[in-house]
Amino acid sequence: MEQHGQGGPHESRQYRTVGAAPEVVTVPDPEPGPGQVLLKVTAAGVCHSDIAVMSLPADQLAYDLPLTLGHEGVGTVAALGDGVSGLTVGESVVVYGPWGCGTCVKCAEGKENYCLRAGELGIYPPGLGSPGAMAEYMIVDDPRHLVPLGDLDPVQAVPLTDAGLTPYHAIKRSLPKLVPGASAVVIGTGGLGHVAIQLLRAMTAVRVIALDVTEDKLALARTVGAHETVLSDEHAAARIRELTGGIGAQVVLDFVGAPPTVATAGAAAAIDSDVTIVGIGGGALPVGFGFLPLNTTVSAPYWGSRSELAEVLDLARAGSVEVHVETYSLDEAPLAYERLHDGRISGRAVILPNG
């Protein structure tokens, strides 16, 4: 094993007690076991999913505590466990988050986000069950979960591992309906939504209609390429129908997923459309004859595949997508979560554990 040469303890941002705020604690430096990779973390993303985990009661929490948060991570290779090849110490890499078993049919396709055995085997993503990226060092279970960063800025790139990959996966599956003349609605223009708008503009020729609850958020949506912006309220669906000549949208992407936004998504959908519920706000949309326009497909995808992450990074290298970020130190992580919870983050918050 190649040693990283640091030794001693380091700081980690951990969720330690159900219902309590995360804490900065000192933990021993991890050492990579056989087949593992140790990263020195350069950037870690802050996500609503972290808040959702910390909001769960003890009987619904699937993970053991304490848990080091952070499922978006970028770092440099600090050490290689026995048997690891294809990486060099000091190389900058991006962490692919939805870890799977590596051997089932879905994993063989690179779709570890849909691994058939992860639950059975107790395999969890970093920051969502396994120790995550909000620490000076983190262990990656297998080198296949690392993608070269290349010349990308770590702070700009780290949100792409979820806030970029998740909307990319959702958009890519609906490309047959995202044809010139069609309309796509993006509900929620925060971390994921403002990236989705850019992806839609880069990958399609559709008209993009963005929804959010404040004029500030809609201003960001217009800045990153939305053709139309609509306040997300009880009149939003009717406004979308007006903008689309009464037809509705061929694709609706809901990055909030709360009951009111899901209802808007269904009401704004066109005949033969896709409604994709990405957000985890607890909303559900009834499916059945007479509930939605004819042949409407409703789905709730999860994250994205390893090959799709490489594609998202290539889009960033081409200048087609740029995440609006706010940076925080590890000690400032509670402030970042507080601002995210209150809707005061413009784009994506990024923690710099070694900054």
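**Pockets, packing and cysteines**

Biologist: How do the residues lining the largest pocket divide into nonpolar, polar and charged?

Modeller: This is a predicted model. The largest pocket is lined by 49 residues. They divide into 27 nonpolar, 17 polar and five charged.

Biologist: Which residues lie nearest the centre of the largest pocket?

Modeller: The pocket has a volume of about 1,200 Å³. Nearest its centre lie His48, Phe255, Val256, Gly279 and Ile280.

Biologist: Which element supplies the largest share of the lining of the largest pocket?

Modeller: At least two lining residues come from each of α1 (48–55), β10 (207–212) and α11 (333–341). The largest share is five residues, and the element that supplies them is α1.

Biologist: Which residues lie nearest the centre of the second largest pocket?

Modeller: The second largest pocket holds about 260 Å³ of space, and 19 residues line it. Elements that give two or more residues to this lining are β1 (9–15), β2 (23–28), β4 (67–68) and β7 (137–140). The lining divides into 11 nonpolar, seven polar and one charged. Nearest the centre are Ser12, Gln14, Thr68, Pro131 and Gly132.

Biologist: Against which elements do the buried residues of α6 pack?

Modeller: Helix α6 spans residues 193–203 and is mostly covered, with eight of its 11 residues buried. Those eight are Gly193, His194, Val195, Ala196, Ile197, Gln198, Leu199 and Leu200. They pack against α5 (165–172), β9 (183–187), β10, α7 (215–223), β12 (249–254) and α10 (306–317).

Biologist: What does Val37 touch beyond four places in sequence?

Modeller: Leaving out residues up to four places away, its contacts are Pro32, Val77, Ala79, Leu80, Val84, Leu87, Met138, Ile139, Val140, Pro143 and Leu146.

Biologist: Is Cys104 buried or exposed?

Modeller: Buried means under 20% relative accessible area. Cys104 has a relative accessibility of 8%, so it counts as buried.

Biologist: How far apart in space are Gly102 and Cys115?

Modeller: Gly102 sits in the loop between β6 (92–95) and α2 (105–108). Gly102 is partly exposed, with a relative accessible area of 30%. Beyond four places in sequence, Gly102 is in contact with Cys107, Glu112 and Arg144. Gly102 and Cys115 are 13 residues apart in sequence, and their C-alpha to C-alpha distance is 8.0 Å.

Biologist: Is Thr276 buried or exposed?

Modeller: Thr276 is in strand β13 (residues 269–277). Setting aside neighbours within four places, Thr276 is in contact with Ala170, Arg173, Ser174, Val252, Leu253, Asp254, Ser299 and Pro301. Its relative accessibility is 0%, so Thr276 counts as buried.

Biologist: What is the phi of Asn295?

Modeller: Most residues other than glycine have a negative phi. Asn295 lies in the loop between β13 and β14 (297–299), and at 56% relative accessibility it counts as exposed. Although Asn295 is not a glycine, its phi is positive, at about 60°.

Biologist: Is Trp303, which also has a positive phi, buried or exposed?

Modeller: Trp303 is in the loop between β14 and α10. Its phi is near 55°, a positive value in a residue other than glycine. At 4% relative accessibility, Trp303 counts as buried.

Definitions and conventions
Residues numbered from 1 in each chain as written. Predicted model: local features only at pLDDT ≥ 70, side-chain atom pairs only at ≥ 80, totals over all residues. Heavy atoms only, no water. 1 Å grid on protein atoms, 1.4 Å probe; cavity = no way out; pocket = protein on both sides within 12 Å on 5 of 7 lines; lining within 4 Å. Points joined across faces, edges and corners; volume = space filled by probe spheres on them. Helix = DSSP H or I, 4+ residues; strand = E, 2+ residues; numbered from the N terminus. Nonpolar A, V, L, I, M, F, W, Y, C, P; charged D, E, K, R; others polar. Buried < 20%, exposed > 50% of the residue type's maximum accessible area, 1.4 Å probe, protein only. Contact = heavy atoms within 4.5 Å.
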